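Below are some notes for a colleague who is working through this model. Please read them beside the sequence and the coordinates.

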Amino acid sequence: MKAVTMLFRTCLILGCIMLFTQPLAAAEKSKKADKNPHTIATKEAKTIDELVEMLDEKKCGSCHPEIYKEWEKSWHAKSVTSPGALKGIHNFFAIGLPKEWKKPITKAEVLKCYDCHAPVINYASEELAVEIAEMVITAHKEKDKPSGEKAKKELSKLNVGCVSCHNLKAISVARGLRGDPKKGAIYGPTGANSGGAHETIETVDITRSVMCMQCHGKYTAPDGETIQCNTLSGSFQNAYQNNGGTETCQDCHMEKGGKNGKKSHLFPGGHDLDMVKKGLGLKVNFAQYRHLPGKIKGVKNDKAWIPSAIVTAFVENKAGHRIPDG
Ligand code: HEC
Ligand code: HEC
Ligand code: HEC
Ligand code: HEC
Ligand code: HEC
């Protein structure tokens, strides 16, 4: 719980800094951003069910059942309703925006959290995005009442799903070079022919760490506000890659449970004991020596050499970044 509070506090504090330093510029820019959010052009959904209908993971699961089962267990599948995320994002909508910064809830503000926690909200209409924020408030505030449970059930349909990674965020690491992702297409590492199920486009981007870093790192919203939800990517670059680390996020996080050389979609991290163990190394140095006679008082025989030892234990971080995150 402490980590959650810390994370949220980081988000809140950084938000404050931004708004105090450039309130007018941000307001001007956010008007423009409202009209042109960083979405891919498509039909807008007016209800959560319409949104889900367009981007349903279950449909993908009918042909990719193993991957679906893995993904379903991952934290990406609960990035809206996990207790930590729900509470933290509630605080942003219910306290941060209205009370701290006196700003109305708009789609542009909603996306400041959900462009990462549920990128499909890019497809939501302005009204639906605001409605989703209100549902978050209800789900948290009324969590023990049927109204809260109902809201949470609706929200649980939103997540970091298949389309988030295989379309929306697949090539946006190099948007200037590659443009917007093509509507309806599926981006993958090989461009494998799906036999007509979907257009598949090969992209190397999805196999690179930067793809993950879009969400697992510092974020700049279209109006220039910076959100710092997690700090992993900074230490991945500065402490790991700069010291010669060569593995990608995918190498370490898509390995477990992968069958036939396929990458696993379980994405184990700090909630997975095996993964945590992998991240920790223990190195013990043992130095033996003897004290000269007469140097240590109170020993039985102060004419003899006294055997002594120095034990130094190093706890080593073997992950590709600082741990824990936050
Ligand atoms: C750049 C993408 C990004 C943005 C923008 C973002 N988050 Fe996050 N958030 C993440 C990621 C990734 C994690 C998981 C971090 C980890 O496990 O190391 C996370 C984790 C969290 C957690 C902890 C969840 C848990 O299960 O303990 C909270 C709370 C949270 N975010 C709140 C917010 C709020 C509030 C906003 C909007 C002001 C926001 N986030 C915006 C990417 C983002
Ligand atoms: C958090 C991002 C993310 C999510 C969510 C995600 N994927 Fe992936 N997926 C990847 C990445 C990254 C790769 C490529 C890994 C590589 O080859 O380095 C991949 C690879 C694949 C592949 C090719 C794998 C192979 O080895 O044949 C398929 C098929 C696939 N994903 C389907 C899905 C389906 C279906 C879902 C939803 C149930 C899904 N993915 C959700 C990131 C994601
Ligand atoms: C009617 C069956 C069917 C459905 C539905 C389906 N796929 Fe596929 N898909 C395939 C087949 C067949 C392949 C090629 C063999 C393979 O890689 O599994 C494929 C390949 C892929 C690949 C690998 C591409 C690459 O470059 O290697 C990804 C990623 C993928 N699908 C994601 C999805 C996502 C996301 C959805 C849901 C929006 C989905 N698929 C729905 C049949 C389907
Ligand atoms: C669209 C944004 C997005 C992308 C892209 C993304 N993630 Fe995540 N990821 C999240 C969010 C949000 C969470 C946190 C969910 C929560 O705690 O509620 C998360 C959780 C995780 C976790 C679980 C952390 C834990 O505490 O157990 C791991 C591991 C992870 N992501 C690795 C990756 C890797 C590797 C990639 C690239 C292949 C990737 N993610 C791509 C948004 C994203
Ligand atoms: C050399 C392997 C390695 C690389 C490279 C790596 N990770 Fe990790 N990561 C780990 C291990 C091991 C853990 C578990 C350690 C722990 O949380 O105690 C972990 C933990 C995490 C967590 C959970 C953090 C927490 O506080 O619970 C997230 C999220 C994550 N990694 C994402 C990423 C992303 C994104 C990248 C690429 C930018 C990446 N990792 C690169 C090995 C790696």
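Which residues in H6 meet which residues in H8?

1. Leu-86, Lys-87, Ile-89, His-90, Phe-93 and Ala-94 in H6 meet Ala-133, Val-136, Ile-137, Ala-139 and His-140 in H8, where two residues are in contact if their C-beta atoms, placed from the backbone, lie within 7 Å. The residues of this contact divide into eight nonpolar, two polar and one charged; in this scheme Ala, Val, Leu, Ile, Met, Phe, Trp, Tyr, Cys and Pro count as nonpolar, Asp, Glu, Lys and Arg as charged, and the others, Gly among them, as polar.

2. On provenance, this is a predicted model, in which local features need pLDDT of at least 70 and side-chain atom pairs count only at pLDDT 80 or more, while totals for chains, interfaces and linings use all residues. Residues are numbered from 1 along each chain as its sequence is written, and chains are lettered from A and ligands numbered from 1 in the order in which they are written.

3. The secondary structure of the protein chain comes to 15 helices and six strands, with helices (H or I, at least four residues) and strands (E, at least two) taken as DSSP runs and numbered from the N terminus. Of the 326 residues of the protein chain, 30% count as buried; a residue is buried if 20 or more other C-beta atoms lie within 10 Å of its own, exposed if 12 or fewer, and partly exposed in between, with C-beta atoms placed from the backbone. Among contacts between residues at least 6 apart in sequence, 60% join residues at least 24 apart.

4. To return to the helix pair of the opening question, the axes of H6 (residues 83–100) and H8 come within 9 Å and cross at roughly 120 degrees, which makes H6 oblique to H8. Axes here are lines fitted to C-alpha atoms, for helices over the stretch in contact, and angles run from 0 to 180 degrees between N-to-C directions; angles under 35 degrees count as roughly parallel, over 145 as roughly antiparallel, 65 to 115 as roughly perpendicular and the rest as oblique. The crossing of H6 and H8 is left-handed, a term used if the near helix is turned anticlockwise from the far one by less than a right angle, with right-handed used if clockwise.

5. H8 (residues 126–141) also packs with H9 (residues 146–155), their axes coming within 7 Å and crossing at roughly 130 degrees, so that H8 is oblique to H9. This contact is made by Met-135, Val-136, Thr-138, Ala-139 and Lys-141 of H8 together with Ser-147, Gly-148, Ala-151, Lys-152, Glu-154 and Leu-155 of H9, and its residues divide into five nonpolar, three polar and three charged. The crossing of H8 and H9 is left-handed.

6. Around ligand 3 there are 20 residues, the closest being Cys-60, Cys-63, Cys-162, Gly-188 and Ala-197; a residue is near a molecule if its C-beta atom, placed from the backbone, lies within 6 Å of it. Two or more residues of this shell come from each of helix H4 (57–63), helix H10 (162–168), strand E1 (186–188) and strand E2 (200–202), and the largest share, four residues, comes from H4. By class, the shell around ligand 3 has eight nonpolar, ten polar and two charged residues.

7. Around ligand 2 there are 23 residues, of which Cys-60, Cys-162, Cys-165, Thr-207 and Lys-262 come nearest. H4, helix H5 (65–73) and H10 each supply at least two residues of this shell, and H10 gives the most, with four residues. By class, the shell around ligand 2 has ten nonpolar, ten polar and three charged residues.

8. Cys-60, found in helix H4, counts as buried because it has 20 C-beta neighbours inside 10 Å. Leaving aside its neighbours within four places in sequence, Cys-60 is in contact with Tyr-68 and Cys-162.

9. Two backbone values deserve a check. Most residues other than glycine have a negative phi. Lys-102, in the loop between H6 and helix H7 (107–117), has a positive phi of about 50 degrees, and Phe-267, in the loop between helix H14 (249–253) and helix H15 (273–279), has a positive phi near 45 degrees. Lys-102 is exposed, with 8 other C-beta atoms within 10 Å, whereas Phe-267 is buried, with 23.
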